[in-house]
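I opened my notebook to keep track of what I looked up here. Come along and read the entries with me.

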Number of protein chains: 2
Amino acid sequence: MTADLLARRNQALGAGAALFYEAPLHIVRGEGVYLFDAEGRRYVDMYNNVPCVGHANPEVAEAVGRQQATLNVHSRYLHEGIVNLAERLTALHGPQIESVVFSCSGTEANEVAIRMARFATGKRGVVCTDATYHGNSELVGGMTRLGSEQPGRADLATFPSPELYRPVDGNLDEDALCEAYLDRLRTAIARLEANGAGFAALIVCSIFANEGLPDVPVGFMARAAEIARAAGGLVIADEVQAGYCRTGSWWGYEVTGFTPDIVVTGKPMGNGIPLAATAASRALVEGFRAPTRYFNTFASSPLQAAAGMAVLDVIERDDLRGNAARVGGDLKAALQARQPQHDWIGDVRGQGLFIGVEIVRDKASRTPDRDRAVDIANRLMRRGFLTSNAGMLGNVVKIRPPLVFSQANAAAFLEAFDATAAELDA
Amino acid sequence: MTADLLARRNQALGAGAALFYEAPLHIVRGEGVYLFDAEGRRYVDMYNNVPCVGHANPEVAEAVGRQQATLNVHSRYLHEGIVNLAERLTALHGPQIESVVFSCSGTEANEVAIRMARFATGKRGVVCTDATYHGNSELVGGMTRLGSEQPGRADLATFPSPELYRPVDGNLDEDALCEAYLDRLRTAIARLEANGAGFAALIVCSIFANEGLPDVPVGFMARAAEIARAAGGLVIADEVQAGYCRTGSWWGYEVTGFTPDIVVTGKPMGNGIPLAATAASRALVEGFRAPTRYFNTFASSPLQAAAGMAVLDVIERDDLRGNAARVGGDLKAALQARQPQHDWIGDVRGQGLFIGVEIVRDKASRTPDRDRAVDIANRLMRRGFLTSNAGMLGNVVKIRPPLVFSQANAAAFLEAFDATAAELDA
């Protein structure tokens, strides 16, 4: 049956539509932190951040069904729902964040952010890291993992993803390393200024998730934001993965310590209902709205509002921020405690319920071992725990469960992890 | 209360977020073809194409609520729902359409279409009309109403929107006029070939909706598609507005008579659930998937599938295609019958439940009268009927109700139209 479905899928969607795992899972149902396949087998979902308040969360499903049965229309009529959501969202940031442009995906929201920065500055150039991902459109997809070579586009420049585990220069102490990365950032800005694009914005995932969730030199982002502003640019925090309590804080920029001018959110906002946002000062938002007359058919709808409010209700009622901090903190500590026992665990890092386990050939060489990371994810899947491999080198086991992940789930996972490790070390 | 909500909205979304009508409507509920404001006043919705099977359609709401309460997850697990939807969608086209890339908005789907054409041809240049709209991203937003001036971008070239009411040359008969527009298309293609971009695709809304829903010279689109293919390009039909039975046919390309290589659909597909698609041959789709490894978090989800299938179920069960053809055809005839009585009705055109009434100073001059079109939409709104003004000159009263619009609704509208016309003629 699975083989038949796979063949139909290859025809209907075209081969190449991505699937997880050596033997793809045929998932038919979800509940909280669990996913169930067509044979009724239960998996602990340790990958999915979109269903942040749990798969099939009843409050969200009820709100969505009720709103769809009441009104779901575009935003050129007045409706209180989306105003309430915008007010609630901006209140979760500092006073510089006042107004919101809603859209349907992180891609669309990052497009809005970059265009907003361009209108505000009159410049076109954007600086991002060399191993980032901000979406799949022509504009933001062009930033995907550009590598150390400078891109062919004059409006983009990259700097190396800052990190302590594989630093650009291993001979430096952390302060000097921070300065080395800042120099690379300055160089990227200077390149845009020199080539005529000018410098409009620095955009970063505030916790460098796709880069591999690195520990970054202390103070790097605060200094980077200063440098960007001094050069006349704006600072865009892509919080699509980092935000919404993922790290145990509301926002990733709290973890890495900077104040963004523009904040982009997406994935978890609607627990699966397409919903994303670009939030900034009212002046920045209006400076974008005036020339573009931006309108997005499915965005700012009563449906998005209902889903978005229900998600925030559950996060706050159940203190999922606190849960992410506690359960994630304990899980990270437990994995770090295992690190000395296995030569293939190079590093354990992350915050809250977003943890990366860097897999290497051996601790001494730190040689990335992507194949082993893939193997571990497949072994854990067979034991009923869903993770994936990620990071710029593909060798980081990515742990990013729904925020309702419990201490009991973590204990069960550690048992499976230990059993898997024993297999590998046998 | 409305004033207070408006002030809050201007802060929360930024002033400039578009609203309809001189006095914006505060809509709180929908049902079928009706919308209700906060005071309980009922309006006949003659504008919205997204809720194609009716506002708050119970079958769609039930399917959406049930799926959200069962499973709503990304597409990297096998799930039968989205395969079923893709198979059903491709079966509604000719044999050249085999596979689908799902996304969340017409913008995203048009991006995919253009990038697909670029990969397939190895060229970058795209030809569109000078008064089109295909979405709001950097790539496709750059095509918005470029006017007769050629755009600054080397990868875009325009040709004049073909039409009979304000033709590029009024001295020609229809065949010669067709040839004149085709010459402009050839010139646009040649411009891309000359400037190094090369010619990748011709993209058109298959009924030129944003251009103002013109009657086009007979045979124009079939010849245009031939010319595009002879030049090595692909033909993209943007069916976001034209498709899904809007015209009384399933697809706009049936109305204007051509065979597209790539079909883009969006707005009505999910009755408000963000859902869009780029459909083409399997080879074209796989030629896009391989280099991009395209993944879209919220797309190809069980939720999109459930909403999309429910919409198709209702359209087929209730023969909404037939309804659009019958009710729309009769309504157009009734409006055309009124045309001789009012000097300000320049033209009545369209197909099915997509009708444009072109408002002019007088029949002799054909001078567009945007102000009067706006005035008519506001007067009709006060009488309980929601339309808008549209078209490249803003002077077309746009009639595009949910597909469940009935003969009784049309009769009531004609009464309101006559009363409005009497006011104007008084």
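This is a predicted model: local features need pLDDT of at least 70, side-chain atom pairs count only at pLDDT 80 or more; totals for chains, interfaces and linings use all residues.

**Domains.** Residues are numbered from 1 along each chain as its sequence is written, and chains are lettered from A and ligands numbered from 1 in the order in which they are written.

**Where the domains touch.** I found 28 residues of domain 1 in contact with 27 residues of domain 2 in chain A; contact asks for C-beta atoms, placed from the backbone, within 7 Å. On the domain 1 side, the elements giving two or more residues are helix 11 (320-338), strand 11 (345-351) and strand 12 (354-359) of chain A. Helices (H or I, at least four residues) and strands (E, at least two) are DSSP runs, numbered from the N terminus. Helix 11 of chain A gives the most, with six residues. By class, I read 14 nonpolar, nine polar and five charged residues on that side. Here Ala, Val, Leu, Ile, Met, Phe, Trp, Tyr, Cys and Pro count as nonpolar, Asp, Glu, Lys and Arg as charged, and the others, Gly among them, as polar.

**A sheet.** Next I looked up an open sheet of four strands in chain A, with order 1-2-3-13 and mixed pairing. Pairing needs at least two DSSP bridges between two strands. Strand 1 (27-31) and strand 13 (385-386) of chain A are the edges, each pairing on one side only. Strand 3 (residues 42-45) and strand 13 of chain A run parallel, joined by two bridges. Which residue of strand 13 is the bridge partner of Val44(A)? I found Phe385(A).

**Helix 3.** In helix 3 (residues 80-90) of chain A, the buried residues include Gly81(A), Ile82(A) and Leu85(A). Buried means 20 or more other C-beta atoms within 10 Å of a residue's own, all placed from the backbone. Their cover includes strand 10 (276-280) of chain A and helix 1 (2-14) of chain B.

**Two copies.** A rotation of 180° with 0.0 Å of shift along its axis superposes chain B on chain A (RMSD 0.0 Å). The two copies are thus related as by a two-fold rotation axis. The superposition is by least squares on C-alpha atoms of residues with pLDDT of at least 70 in both. Within chain B, Gly65(B) comes closest to the axis, at 2.0 Å (C-alpha).

How values were computed: Two residues are in contact if their C-beta atoms, placed from the backbone, lie within 7 Å. A residue is buried if 20 or more other C-beta atoms lie within 10 Å of its own, exposed if 12 or fewer, and partly exposed in between; C-beta atoms are placed from the backbone.
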